Every structure is written in C-alpha cells, then in structure tokens.
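Please open the structure in your viewer and keep the selection tool at hand. The stops below are meant to be followed in order.

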Amino acid sequence: MPLLLSSTTTTASLFLKLTSPLSLLRFSTMSSINLQSHAFAGNPIKAKTPKSNDPFSPNSALEALKSHLLGNTHDVIALNFKVLPFRKGRPLAGSQGSSPNWHLGWLSLGDCKGLLADSSVRFEGDSLVYLGSKSEEDSVYWAIDVSEDDKLVDELGKKYFSFVELRTLMVATDWSDSRAMADLAVAGHARALLEWHGTSRFCGQCGSKTIPREAGKRVQCSNELCKKRIYPRVDPVVIMLVIDKENDRALLSRQSRFVPRMWSCLAGFFRVGPSSMPCQLMVGFFAYAKSLEITVDKDELEDAQWHSREDVKRALTFAEYEKAQKTAAAKVEQICKGVTQSQNLSSDFNTESGELASMFIPGPFAIAHHLISTWVFQGAPVSSSNSALKEPNSSLSNL
C-alpha cells in the first residue's frame, strides 16, 4: 500500500492507491479542509525533558528512588513518588462516590513497597518505568507491571481498586472532564512502555538479555561485546476519511468486530514488525475520491457505503455516546467494588433507553470522531445547541 504524505500544521492531503480493502477506489487532491488542532496522544505529565542535573530528570529521579528503596534518604531531595501498577495491560483504577467516576490507582512508594513485600514481583529501580513529573507538586510518576502475582487482585480489591481494561475506561470517560482525559493519556503511555519492555527483554542482534537504562526510556544489551542500545519503535498507522469530489458525502465502513450500527473511517497499517500496541502511532488524513465506485473486500470489511453530510451529522448529534459513557462508568464502579461483569463494549452501546440511532460513529476518544466531526461542521466549533457532545480541551489528549 504505497503512500505519499504531504502535510502542514493545519492541513493534510493524501495520495493513495488502495489494493485492500477497497480495490477500486482512486484518490486525488482537492482544496484542503482547515483542521482544528487536536491532541490524540501525549502524556500531560511528560512535558519537556528536564536537564540531566535536574532532580526531576529520569536519571536523577531514578537515583533518588533507589536511595529511598534502600532507606538511604540522607542528602536526598524529598520527592513524592507515585506508582501506577498494571496487570496484563490493565491499569489499576478506583471508583468511589455517589456518582460513577473513575480515577487511576496511584500508590505512594511506601504503600506499593508494602503491598509487594511478600509478592513475587521485584520491586526495585529497574522494575519501574519513568512516566513524568510535576515539579510544582514535587511529584514523580512511575509504572510497574505486577502481572506475575495474582494475589494482589484480592488485596487491592479490599480498597475499592481493580485492574480495568483500558478500552472500558476509555468509553467510561466523560470527555469534558479534563482530569479523566489526562488520566487516560497517562495510562496509555504507561501501558505502551510496559508492553515494549515486555517484548524487548532480549537483544535482537546477539540474543543476550537487555538491561533497562535511563529509568526505562531505553534498554541496552548486557553483552559487553555488543552493548546495543534499543529504543521504543514507532510503526505508522493511518486512518482516513474519504470524501467525494463535491465534498457532500463521506465513505464510512464497518468491520465485523464493530458493535452494531457503528460506522467509521478506513484504517490500515504496515506489517513491518510486531502489531502490539506500543509500536503504533496513528495519524489521521482526509482523502478525496475521483470515483464513487467501490468494491468491498469482504475478508477485510463487512460493508462500506457513502453517507451524506446530513446523515453523518445526525449520527454525531445522537446521544449514543452519553448513554455508553454512563453505562461503562457504572460498570467500572461495579468492577472496583468487586462485582464481576462482562466487559463487552457492544452492550454499552445498546442501552435500551429511548430511541436508538440508525448509525453512530466512534466517540471523542477516537481519531475517527474528530476527522468526521471536523468534516461535518467544516472546522467550526461544535456548539452545545447543535450536539450532545462536548469537545475535549485541545491541550488534553485521548487514545
């Protein structure tokens, strides 16, 4: 699938020949659509990297962390260490209060050390990954994988905490809640780093074990004759909204794994390595079609159809997302209280409360949503009178 990409700070165009999943779709450029600035990824606590001698830099913070773990706190700058445990890719989350509202389960260094004291999880400097800091709070944030010990689930459950699937948290998030949106970005970054460490335990050049370096920002081969430095890789993943040449219709598709009635943009990736989450960076584009003819590869897609702007606008303004958010938020609350429930996202979008839309698109946590809404409203802000949605602050991020 050859690509030639051209972009500026506010516009993007795509030249593309698709062999799959739509074999007869051709593209050319037209006048570009002005885009609003959206941040789809980015850890809000991972700002500009501090200088190496700064106490909040990864290496300085790691040395202070090791000193605290060893009890050598003399002459060490007092920092507030916060640790986020993960189990099988799921972050620790909590939910308390009268209204469904989740939050990440940050643990203090002392609480985390006590919790893992009798577990099979190694709790030392090299087992924690640096996420970022907040100098105004003297806080440094870390992540740790505790998948090796099943007993921790019961221990944390006594404190109304549970390891919750990130996609469930994503749907459960009120996208007008800046705190929750920030938590999603932090959890996404942490999961990606931990998964990358899990798949980078051996050197691809000589096969020797690797050792974490720079507080988990990279790993290095332990073989003195090799010492290869390995950094997290990035594989491009593209998603595009295809528009007709009159700019009146958009091509949306369905996959068999989608929840009922959901349509979205076309997407694809290059098979150049492991397809695990930490390798992928998704970038959104608009594509303009020369022809309305389409041929759907049923091995890739269930269906693909042209939809008018008005039809797509109705799908955007329907309150499906709010129903799904409330359903998922209540589910998270029950999970954190120890009530076992299925985490099937299909049920979240099929709450039988009022009329169901004939179609809907992914919520504001998805790049597809912003591509589609930007096209529908031609870059104009979505007002509360025209839509049940509240756009997230552009300085925040989602997954």
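Is W106 buried, partly exposed or exposed? Select W106 in this predicted model, and you will find a residue that is partly exposed, because its relative accessible area is 22% and the buried class ends under 20%.

Y141 counts as buried, at 5% relative accessibility.

A search of the whole structure finds 3 aromatic pairs, and the next one to select is F81 with W142, whose ring centres are 6.4 Å apart and whose planes meet at 50°, so this pair is tilted. Here F81 comes from strand 4 (residues 80–87) and W142 from strand 9 (residues 139–145), 61 residues apart, and both F81 and W142 are buried.

Turn next to charges placed over rings: R179 lies over the face of W102, at 5.8 Å from the ring centre, while R309 lies over the face of W375, at 4.3 Å from the ring centre.

For the last stop, select H197 in helix 5 (residues 178–198), which is buried with a relative accessible area of 14%. Leaving aside neighbours within four places in sequence, H197 is in contact with V129, P212, G216, R218 and V219.

Conventions: Residues numbered from 1 in each chain as written. Predicted model: local features only at pLDDT ≥ 70, side-chain atom pairs only at ≥ 80, totals over all residues. Heavy atoms only, no water. Helix = DSSP H or I, 4+ residues; strand = E, 2+ residues; numbered from the N terminus. Buried < 20%, exposed > 50% of the residue type's maximum accessible area, 1.4 Å probe, protein only. Contact = heavy atoms within 4.5 Å. Phe/Tyr/Trp six-rings, centres within 6.5 Å; stacked < 30°, edge-to-face > 60°. Lys NZ or Arg CZ within 6 Å of the ring centre and 35° of its normal.
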